[in-house]
Amino acid sequence: TTKRDQNRCTHMVRTGLAKSCPMPRPLEALIHLDALRHNLQRVRDFAPDARIWSVVKANAYGHGLKRAFEGLRATDGFALLNIDEARVLRELDWRGPILLLEGVFDARDLEWCSRLNLWHVIHRPEQIDWLAMHKTEWPHKVFLKANTGMNRLGFTPMALRQAWTRLHALPQVDEVGLMTHFSDADAPKGIAAQMAVFNEATADLDGERSLCNSAAILRHGQDAAVRGDWVRPGVMLYGASPDHPEHSALDWGLKPAMTLRSQIISVQHIAPGETVGYGSRFTATRPSRIGVVACGYADGYPRHAPDGTPVLVNGHRVPLAGRVSMDMLAVDLTDVHDAGPGAEVTLWGHGPVRQGQATYLGIDEVAQASGTIGYELMCAVAPRVPVTVLDTHHP
């Protein structure tokens, strides 16, 4: 509950309007700081000697920038998109490097880069023009981005050298790094073609290199020529695999930093031929026990999840049954005899201990069943879902 709700509840108790505070809806997201610390160390294991830009864009991939900060404090730098996010980090007393991954969007943003001591990416000529007109007491550190084939941001190999020369001629610029972004590090096409383009375009240009995203770190981080000076882990920090289903997060030794859990709030007993949910998508083929879970698409669970999408109930895997609605979803409990109202439900992440063993449901598995990726599910958790931060280092 919010502080306002708590104050209102306290007032009601004191004035006799209520005997106790109302119980919140049994749905919450847990953020595991120990998992963030562990995953950050895994980056160092896979990319030894490289410095780390921990990517915290999209509100730390839905985990909450302020919440995730403590778990990622041991990083070398943070990478993000918005100056407001950078300002939050400075308010948290982070004094290390911060990189704007898409650079500045307007010449006026450079003033904030000066005030907050931000590094920023240069990916188009106008950003160099703005720098040339910017008045600053302290020169900026920038990364010049090469478009090596992904064709989103960056200078073509033919234009890169001129941009590098222009930047080095500016008194407003201190250091110029070089970077690119891999499009297929998690796929059979791989990184070889882009690496060749990058190496040829930057062969005699000075500057620190930054190339590797999560997939490249995991697959190629041991190669010094690929990992360069800085790596940029994103989704692996949060305990998901960039190349699922070829490798799971557990295969890479990663731990989920988010758990979404709820409870069974009702059980329905239905006969063969009866249906469940909107559109009658699920039809029982046997006498069935259907559990209703307090979670729906308004909470961020994917509405398009099909029947059979895995869910944990009391640590047992059970299938989704019927269409996900706004506030509820249903699961088939027929084969789980110890699950009734109040049973613990894990939508993804860490489940309860069962028979002495911890249970787990990977967010990537849920995402794959739903035709999407774990990144989207992390970022989609709705603001109405209460969040609890767990920190085994600081109980």
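**Figure 1. Lining of the largest pocket in the predicted model.** The largest pocket is lined by 37 residues, and those nearest its centre are Lys 57, Tyr 61, His 181, Asn 213 and Tyr 375. The structure shown here and in the following views is a predicted model. Four helices, α3, α10 (214–220), α12 (363–369) and α13 (374–380), are the elements that give two or more residues to this lining. The volume of the pocket is about 760 Å³.

**Figure 2. Tyr 61, a non-glycine residue with positive phi.** Tyr 61 belongs to helix α3, which covers residues 57–61. The phi angle of this tyrosine is near 50°, a positive value in a residue other than glycine. Is Tyr 61 buried or exposed? Its relative accessible area is 7%, so Tyr 61 counts as buried, the limit being under 20%. Tyr 61 is also one of the residues that lie nearest the centre of the largest pocket.

**Figure 3. The hairpin of strands β17 and β18.** Strand β17 (residues 344–354) and strand β18 (residues 357–361) run antiparallel and are joined by 4 bridges. Within this pairing, Gly 349 has Leu 361 of β18 as its bridge partner. The hairpin has 2 residues between its strands, and Gln 355 takes a positive phi near 55°. Gln 355 is placed in the loop between β17 and β18, and is a residue other than glycine.

**Figure 4. Surroundings of Thr 334.** Thr 334 is placed in the loop that lies between β16 (329–332) and β17. A relative accessible area of 13% makes Thr 334 a buried residue. Which residues are in contact with Thr 334, leaving aside its neighbours within four places in sequence? They are Arg 286, Pro 287, Ser 288 and Arg 289. A polar atom of the Thr 334 side chain lies 3.1 Å from the backbone nitrogen of Arg 289. A polar contact of 2.5 Å also links the side chain of Thr 334 to the side chain of Asp 332. Between Thr 334 and Gly 291, the C-alpha to C-alpha distance is 9.0 Å, although the two are 43 residues apart in sequence.

**Figure 5. The largest nonpolar core and a separate core.** The largest nonpolar core holds 115 residues, among which Leu 144, Leu 167, Tyr 301, Val 313 and Trp 348 touch the most other members. Helix α2 (residues 33–46) gives the largest share of this core, 6 residues. In soluble globular proteins, nonpolar side chains tend to be buried together.

**Figure 6. Contacts of Val 313 in the largest core.** Val 313 is one of the residues that touch the most other members of the largest nonpolar core. Its neighbours within four places in sequence are left aside in this view. Beyond them, Val 313 is in contact with Ile 264, Val 318, Val 331, Leu 333, Ala 339, Ala 343, Glu 344 and Val 345.

**Figure 7. The cis peptide bond at Pro 245.** The peptide bond that runs from His 244 to Pro 245 is cis, and its omega angle is near 10°. Pro 245 is found in the loop between β9 (230–231) and β10 (258–270).

Technical notes:
Residues numbered from 1 in each chain as written. Predicted model: local features only at pLDDT ≥ 70, side-chain atom pairs only at ≥ 80, totals over all residues. Heavy atoms only, no water. Core = buried A, V, L, I, M, F, W, Y, C linked by side-chain atoms within 4.5 Å. Buried < 20%, exposed > 50% of the residue type's maximum accessible area, 1.4 Å probe, protein only. Contact = heavy atoms within 4.5 Å. Pairing = 2+ DSSP bridges. Polar contact = N/O pair within 3.5 Å; in protein donor to acceptor, adjacent residues only side chain to side chain. 1 Å grid on protein atoms, 1.4 Å probe; cavity = no way out; pocket = protein on both sides within 12 Å on 5 of 7 lines; lining within 4 Å. Points joined across faces, edges and corners; volume = space filled by probe spheres on them.
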